[in-house]
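Here's a quick briefing to read alongside the model. Have the viewer open and follow along topic by topic.

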Amino acid sequence: MTFSTKTTDLIKKITAPHPNIQLTIGILHKGQMAFHLFNHTGEIPYVPHIYEMGSIGKTITASLFAKYVHSGKMALEDSMAKYFPALDEARYFPNLRRLATHTAGYPTRYPMDAWGDAFRYVWTVLRGLPSPNPSMDEKNILTLVNETKLQDKDYPWSYANFGIALLGQAVAQVAGKAFLPLVNEFISQELALSNTTVGALPAGLLQGYTRKNRLQPPWLVDEKELIIPAGAGFTTTAQDLLHFAKLNMENALPYLPLCHETYAKVTDKFHMGLAWWKIVNTSAFTFHHAGDTDGFSTALAFSKEKEMAIAILYNNESKDAQGRYHLTAGISEELANK
């Protein structure tokens, strides 16, 4: 595919400041896949790379949840308390639909698991030391849940890793298996994503870099760290992301359409499926999700009607979510006009 001048300029804006960047753009259009690779000088011969996926992993967790809803083992309106024996079912806790749509009432940046950890965090930051990463095992997660008093209502949309972590743990409770082996089995056996995993560092994972081009160590998920895996601990390739998009576009698994319904209306143009962001009244893509880690940035979008999907992955931290969104939208608009 030959990109327009506008799209090429957006790619240059992302790549030019970063001498170590490897930006992959994967395109699926009417059944045909194509891949492009860029560094800071421009387009280079394509070779596949493995990237940290970031929060696009939430859509995999939601797909696993949808499988259990479809089979009747779980229900969208179930209270999360049903799946955690340590919680009092007589008290209100958010239902699973609210966890999956970021409307449960949990904040984007959840507090530390104890005031002592919060104090240590502030103290180390003030001293210029690396911030601590207190373990968020099931005990600490449930302590936070019990200490957070919420009302039985759909709260204003607030992106929350914590809510997706709870959703993943609820599914694990039903499956009778820890989340990491459960979701890895789901990825390999049902989604058939051969280069996607969570909880281990794959051979060939690219080195990630900060916005200031400093080398960033890879994000190795601890088995006891239950917040990260369900929402952001995955690694993947552009091929796997496009295959995952294709499964969704074709409703290839009977439970995937559950993820595409509207469960929360955030604005007139932005609705929520199960983890998927639904862009309403657009000529381009409909479903979208993006991801960020300390060394990687990603985006995945698709449209069933236009028979297209776009995957964008690069090994530099980015705070310019709008720039990534505009690049995705620009490519999808070019495809829609073909």
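V198 stands opposite F234 in β8. That facing pair belongs to an open sheet of three strands, ordered β4-β8-β5 with antiparallel pairing. Everything here is read from a predicted model, where local features need pLDDT of at least 70 and side-chain atom pairs count only at pLDDT 80 or more, while totals for chains, interfaces and linings use all residues. Residue numbers start from 1 along each chain as its sequence is written, and side-chain values use heavy atoms, with hydrogens and water left out.

- Helices (H or I, at least four residues) and strands (E, at least two) are DSSP runs, numbered from the N terminus.
- β5 pairs with strand β8 (residues 234–236) in the antiparallel sense, over two bridges; two strands count as paired if DSSP finds at least two bridges between them.
- β4 (51–52) and β5 (197–198) are the edge strands, each pairing on one side only.
- As background, strands of a sheet pair through backbone hydrogen bonds, either parallel or antiparallel.

**Two buried threonines**

- T24 sits in strand β1 (residues 23–29) and counts as buried because its relative accessibility is 1%; buried means under 20% relative accessible area, exposed over 50%, and partly exposed in between (1.4 Å probe, protein chains only).
- The T24 side chain makes a polar contact with the side chain of Y51, at 2.6 Å. A polar contact is a pair of N or O atoms within 3.5 Å; within protein, one must be able to donate a hydrogen and the other to accept it, and residues adjacent in sequence count only if both atoms are side-chain atoms.
- Leaving out residues up to four places away in sequence, T24 touches H36, L37, Y46, Y51, A238, A311, I312 and L313, where contact means heavy atoms within 4.5 Å.
- T101 is in helix α3, and at 0% relative accessibility T101 is buried too.
- What does the side chain of T101 make a polar contact with? The partner is the side chain of T103, at 2.8 Å.
- A polar atom of the T101 side chain also lies 2.9 Å from the backbone oxygen of R97.
- With residues up to four places away in sequence set aside, T101 touches W157, Y263, A264, M272 and G273.

- Most residues other than glycine have a negative phi, and most peptide bonds are trans.
- You'll find H102 in the loop between α3 (96–101) and α4 (115–126), buried at 3% relative accessibility.
- A275 isn't a glycine either, yet has a positive phi of about 75°. A275 is in the loop between β10 (270–272) and β11 (277–279), and at 1% relative accessibility A275 counts as buried.

**Rings**

- The count of aromatic pairs comes to 13. Rings of Phe, Tyr and Trp (its six-membered ring) pair if their centres lie within 6.5 Å; planes under 30 degrees apart count as stacked, over 60 as edge-to-face and the rest as tilted.
- F3 and F38 form a tilted pair, 6.2 Å centre to centre with 45° between the planes. F3 is in the segment before α1 (5–15) and F38 in strand β2 (residues 32–39), so this pair links distant parts of the chain, 35 residues apart. Both F3 and F38 are buried.
- F244 and W276 are stacked, because their ring centres are 6.1 Å apart and their planes at 25°. F244 lies in helix α9 and W276 in the loop between β10 and β11, so the pair ties together parts 32 residues apart in sequence. Both F244 and W276 are buried.
- Ring pairs also link W157, Y159, F270 and W277 into a cluster.
- The charged end of K153 sits over the ring of Y155, 4.7 Å from its centre. The rule there is NZ of Lys or CZ of Arg within 6 Å of the ring centre and within 35 degrees of the ring normal.

**A leucine in a loop**

- L256 lies in the loop between α9 (238–249) and β9 (264–265).
- Is L256 buried or exposed? L256 is buried, with a relative accessible area of 0%.
- Neighbours within four places in sequence aside, L256 is in contact with S63, L247 and N248.
- L256 and L274 are 18 residues apart in sequence and 9.7 Å apart in space, C-alpha to C-alpha.
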